[in-house]
Each structure stands twice: as C-alpha cells, then as structure tokens.
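Keep the viewer open as you go.

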Amino acid sequence: MSVGIVMLVHTALGRAEQVARHWVKAGCPVVIHVDRMVPKRIYDEFTAALSDLPEVLFSRRHRCDWGTWGLVAASQDASELMLERFPEVRHVYLTSGSCLPLRPVEELIDYLAERPRTDFIESATTADVPWTVGGLDHERFTMFFPFSWRKNRYFFDRFVDLQRRVGFRRPVPKGIVPHMGSQWWCLTRQTLSAILQDPERRKFDRYFRRVWIPDESYFQTLARLYSTNIESRSLTLSKFDFQGKPHIFYDDHLQLLRRSDCFVARKIWPHAERLYEAFLTEAESAENRQEPNPGKIDRIFAKAVDRRTRGRAGLYMQSRYPNHGWENGVTAGKYSVFQGFTELFRDFENWLSRSTGAQVHGHLYAPERAEFAGGQTVINGALSDNAKLRDANPKAFLTNLLWNTRGERQCFQYGPRDNIKISWHIARDPNAQISVISGAWAVPLFKSNANFADLRAEAARLQKIENKMLDQLRAPDCKARIRIWTMAEFIEAPMEPLQVVIDEIGQKAPRRLTEAPVMEDLAGFGQFLQNLKNQGMHPYLMGDFPVEPAPRHASQRRRKPYLVKK
C-alpha cells in the first residue's frame with residue numbers, strides 16, 4: 001500500500017462510488033469528503049453504499065463554494081485522516097468525484113514507487129504563468145475577498161476597485177513566496193505532513209483564508225518550504241478553455257484520453273457510459289511505461305479554443321456575436337462585386353459568366369428582390385429572393401450565400417440604388433474584389449424617357465449615395481481589393497481593366513480576352529450631362545465627358561472664301 005486517494009465529492013455520487021471501488025480494488029485506501037451542501041439523506045445513502053469497504057473513510061464535511069477556503073479545509077481534513085489511519089501510504093493523490101483513472105492503477109503505484117521522494121504539484125509564481133483569468137495575479141495575495149466572485153460579482157468587483165483606489169496592500173507572511181498551480185496534486189507523506197503539522201499553520205491558514213481561489217495557491221506555496229524534489233506538474237489531465245472553465249470529457253473523447261498517457265483525467269461527464277466502462281473494466285492491457293504527457297493532445301485543445309473563440313471562417317457564432325471584429329474571416333470565400341458594369345455594358349452578366357465560369361448574379365441588394373443567377377427565386381441554403389427577408393439582416397444574407405456556395409466563385413452587381421447598409425461590410429472584407437465604374441448609374445437615366453426634372457432629382461440622389469460609398473471604399477480601414485475608374489476613364493480603353501478583373505477572378509486559366517461585352521450607345525451622353533449642369537445639378541463622378549456639337553442645317557454652314565489670283 002503506497003498510494004492513498006483523497007476524493008472531493010459534491011455531485012454524481014453514484015459515479016464517485018464506482019470510482020472509489022475501482023481504487024480500493026487495486027489496493028489504494030480512499031478518504032472521501034462530501035460537500036456539506038449535499039442533503040443529509042443523500043449523504044447517508046452514499047456512506048451506506050460504501051460501508052462494506054473498510055478502506056473507504058469519510059472526513060469532516062465543509063461547505064465548498066468555488067474559489068473559497070472550504071476546498072482547502074476539505075483537503076486538509078481528508079489528508080490528515082489519510083495520514084493518521086493508513087501509515088503505509090507513501091503518496092497522497094488528491095482527486096475529485098468527477099476524476100477517472102485512465103490507466104491501470106497498478107501502473108500509477110509502480111510509477112510513484114520509483115519516485116518515493118518526488119512531489120507532483122504544479123507550482124509557479126504569478127510572474128511565471130500566463131494563464132490566470134480574471135485580471136488578478138499578484139493582487140489575489142494582497143487584497144481581501146469577502147464576497148463570492150460567482151454569487152456576488154457586483155460587490156466583488158466594487159470591493160476590489162475600492163482597495164485599489166485607497167492603495168490597500170495586505171502583507172504576505174514572512175518566509176513564503178506565493179505560488180499558483182493546479183488544484184490536483186500528488187504529495188509525499190513527508191511533504192504533506194510537514195504542511196499540515198507546521199507550527200505556523202494557523203498563521204498561514206489565516207492568511208490564505210482571504211486569498212482569492214486559495215485551493216490553487218495554498219499547497220502550491222507551502223510545498224516549496226518542505227519538498228526536496230518538486231516536479232511542477234500535475235499527474236491529472238485537466239484542460240481549461242479561454243475563460244478558465246474546465247473542459248468536460250464525453251464519450252467521443254475516448255481515443256483522445258487514451259492518447260494522453262495520463263493516469264487520471266478530469267472532468268468527466270457523469271453520463272459518459274462509454275468512458276466509465278472502458279477505463280474501469282478489468283480488461284487486460286499491455287504495460288504502459290510512457291510518461292504522462294498531456295502535451296500530446298495540446299494541439300487538439302488549442303484547435304478547440306481557436307474554434308470556440310474565432311469559429312470557422314465566414315460563420316458567426318453565439319460566443320462571439322456581441323464582439324465586433326472577432327470574426328475569423330468576414331466571409332467564407334472570395335467573391336467579386338461589380339458596380340456600374342451592367343449599366344455600361346449590355347448583357348454583362350452572361351458575358352462575365354462565359355468568360356470566368358463563375359456564378360454571376362444580378363443586383364443581389366436591389367430594392368425589388370435579390371436577383372439570383374438564372375432568375376432563381378431560391379438558392380443554396382434556402383435563401384429566398386424576398387427583399388424584406390434579405391434586408392432584415394443584409395450581412396447575414398451575404399454570409400449565408402457565400403457559406404452555402406463554398407468552392408464556387410460568386411459575382412454580383414451593386415450600385416447606389418441598392419441597399420447601402422451592406423457597403424461597409426463588403427469594404428472591410430479581405431475576400432471581396434470590388435470593381436467600380438463611378439457615374440455609370442447615369443446611363444439608365446440617359447436612356448429613360450422620364451421627365452427631365454425627375455431625372456435631375458434622381459441623378460442628384462444617386463450621385464450623393466455613390467459619393468458616400470466611394471468615401472467608404474477609400475477609407476484606410478478597408479481590406480477589400482478595390483479598383484475604381486471614372487466612367488470617362490474606363491471607356492477610353494475598356495479591354496485592359498476588363499482583362500485585369502477577369503484574371504483576378506481566376507476561375508479559368510489566364511487568357512487574353514477575344515470577346516468584349518457590348519457597350520451601350522453613348523451618343524448624346526455628354527450633352528445629357530451638360531443639360532444636368534444647366535439645370536443646376538453638377539454630375540462630377542463620371543469624369544470629363546465632351547459635349548458633342550449638334551449637327552447644323554446646310555444653310556447655316558459657312559462657305560470657304562474664294563482665292564483670287566493677283
């Protein structure tokens with residue numbers, strides 16, 4: 001008999017009984033502390049269920065709220081009972097009711113027998129660890145914490161702020177340097193008895209009683225006074241998320257737990273039938289001489305934390321919904337936005353689809369409906385073309401469209417007539433390729449047969465909207481790939497910018513364009529712009545369009561003078 005097990009139990013007592021029997025069967029005595037908040041009837045049933053095992057004892061009960069002194073007091077009383085009643089015990093292993101042995105207990109006994117004077121306890125100063133969560137490092141040892149962080153968070157925070165403002169500092173007892181580490185340790189009899197029988201224990205207990213989360217600092221600090229050989233690590237596999245909450249292991253973690261080579265794991269879901277059956281059976285297993293190495297599975301936990309905090313690229317999840325800018329990629333894939341092209345070129349969407357092989361939509365944010373490719377009314381992911389549904393959350397509409405069409409390049413048209421609420425979202429998306437021909441919205445007005453007063457009002461409105469959109473695209477925070485041409489600049493040599501845009505989409509092998517889209521007839525467009533100017537509306541986003549001279553009657557043409565020979 002060389003290893004004694006101390007179990008801190010507060011829930012799932014049936015599982016705790018099952019694990020306690022497993023320890024005893026391997027020759028390890030067990031001392032159990034049951035939280036005082038467990039009703040007496042349930043406690044009596046639990047003790048009666050284990051009454052047939054003389055190797056199982058129960059210690060004095062304490063109330064064990066999270067991060068309070070009760071957890072230390074429970075560990076002290078249970079350890080004292082273990083050392084008193086089982087003098088053959090060389091190591092005392094602290095576990096919880098949700099811990100589960102992962103390897104045969106005999107391997108743990110042999111492992112500790114080979115290291116009779118080694119204490120396994122994670123113990124580091126606050127300056128040496130980066131994993132404290134809650135904003136309190138050294139301050140947890142120099143302030144008072146009379147309020148529960150979980151149950152009275154408001155008073156907890158206010159009292160901490162008050163102590164900071166007045167500059168209050170509680171002195172650390174002489175002779176000790178505060179250390180921190182995992183609550184779950186395995187100490188030798190010599191070290192543990194020295195801590196519990198220290199002449200100055202009352203002073204240390206009085207000090208740590210007001211330390212925040214003392215169960216992670218009491219034994220971790222005092223072990224440094226007496227241990228001759230500390231290995232600053234825990235033999236218990238215990239992983240925490242980015243908020244400092246322990247990961248819970250379920251049935252589908254079976255292979256993961258086996259791969260760790262750890263002796264004990266916490267925290268196990270009480271209903272993980274497969275885990276309890278796999279690790280508590282008497283099936284013969286090959287002797288495992290591997291060192292416990294939780295680092296083997298650190299990569300998987302790091303990936304889980306990354307998925308929890310950042311999610312998948314192009315998806316928004318509840319855990320980071322309130323935090324702007326936490327997304328792992330604004331959208332799921334690259335896409336192209338064209339502004340002014342359908343207004344300037346006839347049948348541009350079909351031409352672009354033939355040239356690139358991409359899925360080319362019309363104006364997805366048009367006021368009437370979402371113009372899906374091919375005139376569809378519903379597209380991948382059951383996205384409807386209904387404008388009201390789309391505009392209820394324009395950002396989610398685009399996110400879902402790109403997520404549900406992953407692997408296929410999406411292109412769509414955009415303009416000042418469309419819903420501008422999505423404009424900034426697109427501008428800050430690194431996946432977006434935005435091509436703008438500014439002022440092209442005037443071409444449909446030029447082609448229309450509306451009253452000129454109405455055309456002038458509509459032109460002023462659209463120009464104001466597009467100017468605001470262009471300001472957003474030129475902002476320093478934009479991350480999209482953006483190209484902007486004035487309409488006059490673009491039509492001087494349209495093939496070159498078209499070639500650049502097609503090459504960037506990259507759905508097909510790069511090739512020179514041989515087929516150009518047909519441009520709208522712009523004869524008289526310069527005069528149209530001049531007429532807008534004459535009516536008091538200054539169209540400046542199109543660039544400098546010359547005013548074509550109107551054809552004159554033959555009688556108005558000036559004749560050339562005759563040359564008279566002298």
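By the distance rule used here, with a side-chain nitrogen of Lys or Arg within 4 Å of a carboxyl oxygen of Asp or Glu, the count comes to 24 salt bridges. Bear in mind that this is a predicted model. As background, side chains of opposite charge can pair when their charged atoms come close.

| Pair | N to O distance |
|---|---|
| Arg 63 and Asp 65 | 3.2 Å |
| Asp 65 and Lys 151 | 3.4 Å |
| Arg 233 and Glu 231 | 2.7 Å |

Start with Asp 65, whose side chain meets that of Arg 63 and also that of Lys 151. Asp 65 sits in the loop between strand S3 (56-58) and helix H3 (69-85), while Lys 151 is in the loop between strand S6 (119-120) and H5, so this pair ties together parts that are 86 residues apart in sequence.

The Arg 233 and Glu 231 pair has a salt bridge of 2.7 Å, N to O. Arg 233 is partly exposed, with a relative accessible area of 22%, and Glu 231 is partly exposed too, with 27%. There is also a network to look at: salt bridges link Glu 17, Arg 21 and Asp 52.

Which residues of H5 are buried? They are Phe 156, Val 160 and Gln 163. Looking down the axis of H5, the buried residues fall within an arc of 65 degrees, so they line one face of the helix. Turn to the face of H5 pointing away from that buried side and you find the exposed residues Tyr 154, Arg 165 and Val 166. Just after H5, Gly 167 takes a positive phi of about 75 degrees.

Now for the strands. Strand S1 (residues 3-9) has 7 of its 7 residues buried, so S1 is largely enclosed by the rest of the structure. In a regular strand the side chains alternate between the two faces of the sheet. For S1, both faces are covered: Val 3, Ile 5, Met 7 and Val 9 are buried on one side, and Gly 4, Val 6 and Leu 8 are buried on the other.

What does S1 pair with? One partner is strand S4 (residues 91-96), which runs parallel to S1 and is joined to it by 6 bridges. Another is strand S2 (residues 30-34), also parallel to S1, with 5 bridges. Met 7 is a handy residue for seeing both pairings: its bridge partner in S4 is Thr 95, and its bridge partner in S2 is Ile 32. Together, S1, helix H1 (residues 13-25) and S2 make a right-handed β-α-β unit.

Elsewhere, an open sheet of 3 strands has the order S5-S10-S9, with mixed pairing. Its edge strands are S5 (100-101) and S9 (236-237), each of which pairs on one side only. Strands S9 and S10 run parallel and are joined by 2 bridges.

Where is the cis peptide bond? It joins Arg 266 and Lys 267, with omega at about 20 degrees. Lys 267 lies in the loop between strand S10 (264-265) and helix H10 (273-280).

Ala 12 has a positive phi of about 50 degrees although it is not a glycine. This residue lies in the loop between S1 and H1, and at 25% relative accessibility Ala 12 counts as partly exposed. Asp 347 also has a positive phi of about 50 degrees, again without being a glycine. You'll find Asp 347 in the loop between strand S12 (345-346) and helix H13 (348-356), where it counts as partly exposed at 46% relative accessibility.

Note on methods
Residues numbered from 1 in each chain as written. Predicted model: local features only at pLDDT ≥ 70, side-chain atom pairs only at ≥ 80, totals over all residues. Heavy atoms only, no water. Buried < 20%, exposed > 50% of the residue type's maximum accessible area, 1.4 Å probe, protein only. Helix = DSSP H or I, 4+ residues; strand = E, 2+ residues; numbered from the N terminus. Arc of directions from axis to C-beta. Pairing = 2+ DSSP bridges. Right-handed = clockwise from strand over helix to strand, strands pointing away.
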